[in-house]
Each structure stands twice: as structure tokens, then as C-alpha cells.
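Here is a short note on chain B for someone opening this model now. Please read the points in order.

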Amino acid sequence: MTYSIREALAAFRRAPGLAGLSAALIALSLFIVGLFGVVAFNLRRAVERVESRVEIVAYLRDDADPAAVELAQHEIEAFPEVRKVYYVSRDEALENARRDLVEFRSVLSDLDVNPLPASVEVRLWPGQRGAGAVRAVAQRIATYPFVEQVSYGADWLDKVYLLRRVAGAATAVLGGAFAVVAALIIGAAVRLAIFARRDEIAIMRLVGATESFVQRPFLLEGLLTGLIGGVVALGATFGLFRLLSGTVFALEWIPLEWIVGGLALGALLGVAASAHAVRRHLREI
Amino acid sequence: MIRLSHVTKEYPRSGRALDDVSFELRKGEFCFLTGHSGAGKTTVLRLIHMAETPTSGEVRVSGYSSTRIRRKDVAMLRRKIGYVFQDFRLLQDRTAAQNVAFALEVTGARPAVIRAKVAKLLAQVGLASKAQAYPSELSGGEQQRVAIARALAHDPLVLLADEATGNLDERATWGIFELFRSINSAGTAVLFATHDLDLVRKSVGARVIELDHGQIVYDSATVTV
Ligand SMILES: Nc1ncnc2c1ncn2[C@@H]1O[C@H](COP(=O)(O)OP(=O)(O)OP(=O)(O)O)[C@@H](O)[C@H]1O
Ligand SMILES: [Mg+2]
């Protein structure tokens with residue numbers, strides 16, 4: 001093992017530029033992934049917060065029959081997704097509006113007639129707050145004849161999910177492109193290292209070193225390159241995170257498992273790229 | 001210990017290098033392999049080393065068969081075979097001791113074992129005083145001694161020598177040849193490929209196999225005088 005480590009480090013000394021370039025490209029690739037990680041994580045937290053408050057509001061027609069509404073209230077409460085149903089009368093609606101919408105207090109208090117409709121607010125169980133479940137319940141409620149309009153947060157949620165998908169796709173394309181370039185450069189570095197050591201490799205095979213022993217220094221070199229790239233990417237991501245979160249947004253830092261996963265991804269990328277190159281170029285010697 | 005049975009070797013472009021070659025080399029035996037240039041001597045040695053596989057026929061070495069051996073076992077087999085070349089093949093950026101140690105390092109020996117073993121091997125080939133010299137600081141004969149010490153690192157069953165004295169003057173040739181004889185008398189078999197018939201003639205009693213155009217035309221072990 002000490003031999004392999006020594007030789008892997010010697011490869012960095014022999015071609016520091018190429019090794020540095022490989023690490024930098026892996027870093028760039030993982031930096032993009034890291035940025036997406038921060039964004040995705042914070043989006044997820046935001047969605048969770050919204051979902052925990054999500055409710056469906058069914059605005060009632062002014063001519064709604066109170067008895068029918070009361071009956072419907074019990075029916076809705078019997079839906080498996082539904083946790084609680086509240087009835088909000090027109091007066092209560094106005095009172096809530098006066099309390100919540102401070103900016104419009106003067107307008108609201110000057111009104112002669114109450115313009116707000118009565119409504120039924122529906123709260124869902126925690127596991128049932130996904131966009132699909134919310135929409136399904138909302139559509140069922142909309143079928144009651146006395147319901148004027150149903151509003152729910154799903155449109156907004158859909159937009160968040162779409163945003164996340166677009167960001168994810170962009171990350172995959174950009175990060176993937178840099179990863180491919182990094183793999184190519186690692187391949188070139190490994191090829192150079194193999195070429196520089198071809199006499200040694202020939203002697204190793206002559207005296208009975210196993211193929212895995214012959215390959216190990218090159219794989220180790222790839223692993224180190226990937227790890228260095230990962231650490232650099234982590235530092236860069238954290239730097240940008242600090243810069244942004246202090247000023248424009250209140251961001252949360254990604255959890256430890258994601259960081260470990262990112263570093264592992266870098267190491268894996270490095271090993272896979274050099275394994276591929278080793279398998280190709282060792283045969284030529 | 002080594003047996004070639006009806007071995008034929010064809011190379012894609014140059015055609016048939018060996019044609020129905022059969023012979024056996026026993027433990028501790030000393031055997032010359034002679035023949036003009038291109039007769040197939042190196043090919044025989046490479047087949048035994050399992051660096052080549054026969055086109056047909058079978059090569060058996062120390063229980064391994066060329067028809068069944070796995071990649072990992074090739075490495076294990078090679079630890080039982082020492083190989084010495086005309087051009088020495090030493091690593092130029094390593095000292096004599098480091099060149100010998102290399103063979104042990106890359107097969108996973110422990111440092112303490114390596115140090116003791118290298119000192120013993122260099123003493124055995126008469127180079128104890130040149131342990132720290134680089135190949136460029138050694139004569140041809142001395143470089144070949146380093147190569148022989150390296151070939152002996154794993155206490156092989158057999159030494160394959162391919163024109164091992166081909167680059168040496170007469171004095172050095174005899175020195176190296178004597179070294180091979182003394183290694184052989186300690187129990188290691190030697191297969192000595194050469195076209196130096198002087199060596200063969202002066203080694204009365206040694207076995208000789210002669211190749212011509214890939215065929216065995218003479219084997220002293222099968223000839224009754
Ligand atoms: N790798 C190879 N590819 C193609 N042909 C080869 C290869 N190695 C050897 N040959 C051919 O096989 C034949 C035998 O070669 P080999 O090297 O075994 O001869 P040799 O007896 O060792 O000759 P020399 O005394 O010149 O070293 C030759 O005709 C050679 O051209
Ligand atoms: Mg030859």
C-alpha cells in the first residue's frame with residue numbers, strides 16, 4: 001500500500017498542471033451541483049413550510065343554504081385526507097381581513113356593506129399535502145352547487161416543483177458537461193502517468209506483480225484528484241452561500257449527508273475516470 | 001515441472017514461430033536452448049512465462065496449464081520463474097539494491113524482509129559492495145548480476161535466460177555463466193537460450209535442445225549415443 005501511495009503522489013509531482021486541471025474541473029462540476037444542492041434544499045424547506053399551512057378555501061355563494069353547508073361540512077370532514085373543516089362566516093371573514101391586512105384597515109373599516117363571502121376552510125393531514133392530493137380534494141369540494149370558487153396553494157406549489165425540475169435539469173447538463181471534461185483530462189493524466197512509468201510496469205509484470213497492484217497507484221491518483229476537487233467545490237459553495245445568505249436571502253446550509261455524498265461523488269468520478277483510462281492504456285504497454 | 005506438449009505458435013503477420021514443439025524440463029535441470037536467429041528460442045521462453053499463449057498444444061508450468069490459467073495466477077506463476085535478458089532491463093533511476101528490492105516491493109513483501117533479502121541476494125551474485133551504485137555506474141557484467149539477483153528474489157523454481165551473455169565480452173560471459181551454473185547446483189533449474197556455441201561446447205554433460213525454424217531438431221536427452 002505504501003508503494004501505491006508513494007507512486008500516486010509521485011504522479012502529482014510529475015505532472016502537477018494536469019492533476020491540478022483535473023481537480024479544478026471536478027471542483028467546477030461539483031460546485032454547480034453544490035449550488036443546486038443549496039437551492040434545492042432551501043426550496044424543499046420552503047415547500048415544507050408552505051405545505052404545513054396549506055389549506056383549501058371554498059368560497060360560498062351568498063344564497064347558500066346553511067343546512068346544506070352544514071351537511072357538506074360533515075361529509076368533507078369524512079374525507080380520508082381531511083383533518084378538520086372550519087366554517088368562516090361573512091362577518092368573521094371581514095374581521096380576519098381587518099386583522100391580517102393591516103395596510104387596508106382604513107379601507108375595510110369604512111365599508112358599508114361587507115363584500116367578503118362566507119367560506120369553508122379545509123385542513124389536511126400532514127401526509128396528504130402534496131400538490132396532487134390537494135388538487136383532488138379541491139376538485140371534489142368544487143362539485144358542491146353552493147361553492148362559488150375553490151382556491152388552494154397547488155398552483156403555486158406546481159410552480160415551485162417546476163422551478164426545481166428546471167434547476168435540476170440545468171444542473172445535470174452543466175455539471176455533467178464539466179464532469180465529462182474532467183474525466184477526459186483525468187484520462188489524459190493517467191495516460192501520461194502510465195507512459196512515464198512504462199518501464200516500471202513492464203518489470204512489475206515480469207516479476208509477478210498482480211494487475212490490480214499495477215493499477216492501484218493510478219486509481220489512487222484518480223481518487224485523490226476527485227477528493228481534492230470535492231473539497232475545493234465544498235469550499236467554493238460554502239463561500240458563495242455565506243456571501244448570499246448574509247445579504248439577499250435567508251438561506252439554510254445543506255445537511256452533512258449531502259456534503260458527504262458530494263465528496264463521495266467526486267471521489268467516485270475520479271476513480272471511475274482513471275479506471276476507464278487504466279483499462280484502456282495499460283493494455284498498450 | 002515444465003512441459004510443452006505439441007506446442008504450435010503462430011503470429012498474425014509473421015506466421016509459424018513454433019511447430020509441434022514438445023519437451024520437458026525437470027526440477028533442477030540445466031538445459032541449453034540453441035538455434036539460429038529466428039528459430040523460436042525467445043518464443044519458447046515467453047510461452048513458459050505465459051506472456052504468450054500457444055496457438056495449439058499446451059504449456060504446463062508448476063501445475064498451471066496454459067489452457068486454463070487465470071490472469072491472477074499468471075502473476076503467481078511468474079514469482080516462480082526468474083527471467084534474465086540480454087539487455088538487463090534494469091530501472092535506470094534506481095540503485096542496484098533498489099532494483100532488486102523492487103521485485104519484492106511490488107509483490108507486497110514487508111520492508112524488513114526486503115532489506116535482509118536484498119543484502120543476501122546481492123552477496124550471492126557478488127555485488128555486495130555495489131549495492132548503492134546506479135546501473136549507469138556498473139559494467140555490463142555487473143548489471144547482469146543485478147538482473148540475476150532480481151530474478152532470484154522470489155526463490156524461483158527456474159531461471160529463464162534469453163541470450164543473457166549476448167552483450168558481454170568473453171571474460172564477463174564466463175563470470176555470468178559460472179554464476180548460472182552455481183545457482184543451478186543449488187537446485188534452481190535453468191533454461192539458457194543462446195547461440196554462443198562456445199559455451200555449449202565447453203559445458204560437457206549439459207542438456208542441449210536445438211531449434212530450427214520452430215521445430216526441435218535435436219534434444220540431447222532423447223538421443224542415445
Ligand atoms: N511478437 C511477435 N509478433 C510477430 N512475430 C514474432 C513475434 N515474436 C517473434 N516473432 C517471430 O517468431 C519467430 C521466432 O522468433 P524468436 O524471437 O522466438 O526467435 P529467436 O530464436 O529468439 O531469435 P533470436 O536468436 O534472434 O533472438 C521469428 O520469425 C519472429 O519474426
Ligand atoms: Mg530471441
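1. Accessible areas come from the Shrake-Rupley method with a 1.4 Å probe, and for residues only the protein chains shown count as cover. The accessible surface of chain B comes to about 10500 Å². Carbon and sulfur atoms hold 49% of that surface.

2. This is a predicted model: local features need pLDDT of at least 70, side-chain atom pairs count only at pLDDT 80 or more, and totals for chains, interfaces and linings use all residues. Residues are numbered from 1 along each chain as its sequence is written, chains are lettered from A and ligands numbered from 1 in the order in which they are written, and side-chain values use heavy atoms, with hydrogens and water left out.

3. Chain B has seven helices and ten strands (DSSP runs numbered from the N terminus: helices H or I, at least four residues; strands E, at least two). The radius of gyration of chain B is 17 Å, close to the 17 Å from the globule rule for 225 residues, so chain B is as compact as a globular protein of that length. The radius is taken over C-alpha atoms, and the rule is 2.2 Å times the number of residues to the power 0.38.

4. Of the 225 residues in chain B, 53% are buried (under 20% relative accessible area, 1.4 Å probe, protein chains only). Strand E3 (residues 30-34) of chain B is mostly covered: five of its five residues are buried. B:Phe30, B:Phe32 and B:Thr34 point one way, B:Cys31 and B:Leu33 the other.

5. Which strands does E3(B) join? Four bridges link E3(B) to E8 (residues 189-193) of chain B, running parallel. Four bridges also link E3(B) to E9 (residues 207-212) of chain B, again parallel. Pairing needs at least two DSSP bridges between two strands. B:Phe32 stands opposite B:Phe192 in E8(B), and its bridge partner in E9(B) is B:Val208.

How values were computed:
Buried means under 20% relative accessible area, exposed over 50%, partly exposed in between (1.4 Å probe, protein chains only).
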